[in-house]
Amino acid sequence: MASSDSRQYGDLATQLVQESRRSTLTDTLLKYNDTLVRTIIREQRNLEDLINSAIAAQADSAALTTTDAPALLLYQTAILRNKRCLLAYHAHRLDRLKDMYWALGGALPALLADNELRSRMSPHEVDFLREYNTSIMDFRGDFSAELDIAASITHPPRDLHALVRVVRDCGVIETELGTIDFRKGQRFMVRRADIEHLIVQGYLEEV
Amino acid sequence: MPPRRTLLDDDEDFPMAGALTRAAAAAPDPITLDFGAPPETLFQQLVRHWLNERHAPDILPVQAEVLGALLDHIRRQTDTVQALRGDPDSSEAEHVRIMLVQTEVERVKFVVRSYIRTRLYKIEKFARYVVATPEVQEKLSQTELDHAKRFSQLTENHFRVSVLQALPPHQQGLDDNTPFTPPMASEPDKSHAVIVHAREECPPVRLPDGTTMQMQKGQIVLTPYAVVEQLLAVGNVELI
């Protein structure tokens with residue numbers, strides 16, 4: 001290797017994968033590293049040029065020289081590894097985005113409304129989430145008569161429900177069972193999470 | 001004999017020794033010994049398939065019938081509960097009963113949801129493999145298959161616009177097949193270890209080292225998934 005650069009092929013890709021790893025360890029979505037991705041893509045083009053010129057040089061000399069073959073192998077290995085790392089980085093981010101999407105029960109607008117979070121996504125990732133949401137909505141639609149498949153699956157229901165009596169009219173509230181118009185004197189069996197704030201505000205009372 | 005059998009079926013406290021001789025007299029088939037065990041309810045079946053699905057590295061065949069029947073049941077129960085709850089004359093005791101039914105419905109829903117989501121997770125993980133493999137597609141419901149296709153397309157597009165289209169033409173493929181590296185589309189790892197509980201006496205299976213293993217009813221073993229794949233499909237065993 002004639003390169004005077006102390007950096008080796010693949011170092012940048014390693015950095016990229018380390019970012020994915022850090023993201024997993026800290027359980028956060030790091031900002032999309034556009035600069036690094038672009039630099040690696042440039043390295044890929046550079047490697048491709050090196051391969052092409054090595055092949056051209058070889059064609060000139062007609063016979064396979066002992067120095068060219070290892071060089072070709074090296075370039076090719078670097079290219080494949082870089083590409084893997086690039087794709088792994090993007091795939092890992094998609095997984096994280098999907099996790100966040102499901103953690104919010106499939107509420108995409110709420111996810112995208114978080115400006116701080118959104119600034120860490122690439123525009124393509126926002127597009128991905130939108131289209132993913134469309135596909136999941138289709139999937140959810142198949143079960144919508146019975147249940148919402150996007151609701152939580154982390155804890156089995158134990159104390160999920162509270163039997164409440166309406167003390168003061170508080171209008172129409174969205175719950176897992178659909179919209180409920182809470183009118184004074186009625187009783188409801190509702191998800192505690194849906195109406196917790198209403199108990200606190202004194203609209204409902206647990207029976 | 002038939003009226004006698006009916007009587008036996010209902011009598012759960014029948015002494016074991018007596019049951020043994022009687023059952024043996026009625027039929028030599030040892031399966032008759034199980035006459036005391038009630039058949040699995042729909043929900044128990046789903047719980048079994050749910051656990052299997054959660055523990056298996058591969059996508060298992062969708063339990064469309066069990067799922068469909070349970071979803072119908074959930075809908076009927078929810079409607080009934082809705083009607084009763086809307087009735088202002090419902091007494092306190094009825095409210096308690098409604099609560100019990102609803103809690104149960106929620107528990108069933110939880111399992112259904114988890115079952116569907118477990119499958120969804122695997123389907124997305126192996127989306128490219130699913131799309132490329134017709135045998136796997138048969139294990140999916142139409143809804144799942146549609147999603148798998150869309151998802152596979154979606155990720156491919158994302159990779160293309162984010163990375164691949166900027167690379168030289170030679171490097172743009174998504175299915176590089178190079179020696180010494182794993183394939184680019186993830187596939188289920190069937191050598192994954194699973195803990196298996198035999199629900200009944202199983203036909204012998206061949207282990208990776210060439211020997212055979214025969215599980216007795218109730219036996220629990222740790223084995224690669226591939227070994228018990230067939231037994232699981234038939235229902236001889238369950239994963240725990």
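Student: Which hand does the crossing of α3(B) and α5(B) have?
Tutor: This is a predicted model, in which local features need pLDDT of at least 70 and side-chain atom pairs count only at pLDDT 80 or more, while totals for chains, interfaces and linings use all residues. Residues are numbered from 1 along each chain as its sequence is written, and chains are lettered from A and ligands numbered from 1 in the order written. With the near helix turned anticlockwise from the far one by less than a right angle, the crossing of α3(B) and α5(B) is left-handed.

Student: How many nonpolar residues does the contact of α3(B) with α5(B) have?
Tutor: Residues in contact have C-beta atoms, placed from the backbone, within 7 Å; on the α3(B) side they include Phe43(B), Leu46(B) and Trp50(B), and on the α5(B) side Val108(B), Val111(B) and Tyr115(B). By class, this contact of α3(B) with α5(B) has 3 polar residues, 3 charged residues and a nonpolar group numbering 8.

Student: Which strands are at the edges of the open sheet in chain B?
Tutor: The sheet has 3 strands with antiparallel pairing, in the order β4-β1-β5, where pairing needs at least two DSSP bridges. The twist averages 40° from one strand to the next. Pairing on one side only marks the edge strands of chain B, β4 (220–224) and β5 (237–239).

Student: What angle does the direction of helix α9 of chain B make with that of β4(B)?
Tutor: Across β1 and β5 of chain B lies α3(B), running at about 60° to β5(B). Helix α9 (residues 225–234) of chain B also packs on the sheet, touching β1, β4 and β5 of chain B, and its direction makes with that of β4(B) an angle of about 115°.

Student: Which element gives the most to the side of chain A that touches chain B?
Tutor: The contact takes 32 residues from chain A and 35 residues from chain B. Among the elements of chain A that give two or more residues are α2 (34–61), α3 (68–103) and α6 (123–141). With 7 residues, the element that gives the most is α3(A).

Notes. Helix = DSSP H or I, 4+ residues; strand = E, 2+ residues; numbered from the N terminus. Contact = placed C-beta atoms within 7 Å. Nonpolar A, V, L, I, M, F, W, Y, C, P; charged D, E, K, R; others polar. Axes fitted to C-alpha atoms, helices over the stretch in contact; angles between N-to-C directions.
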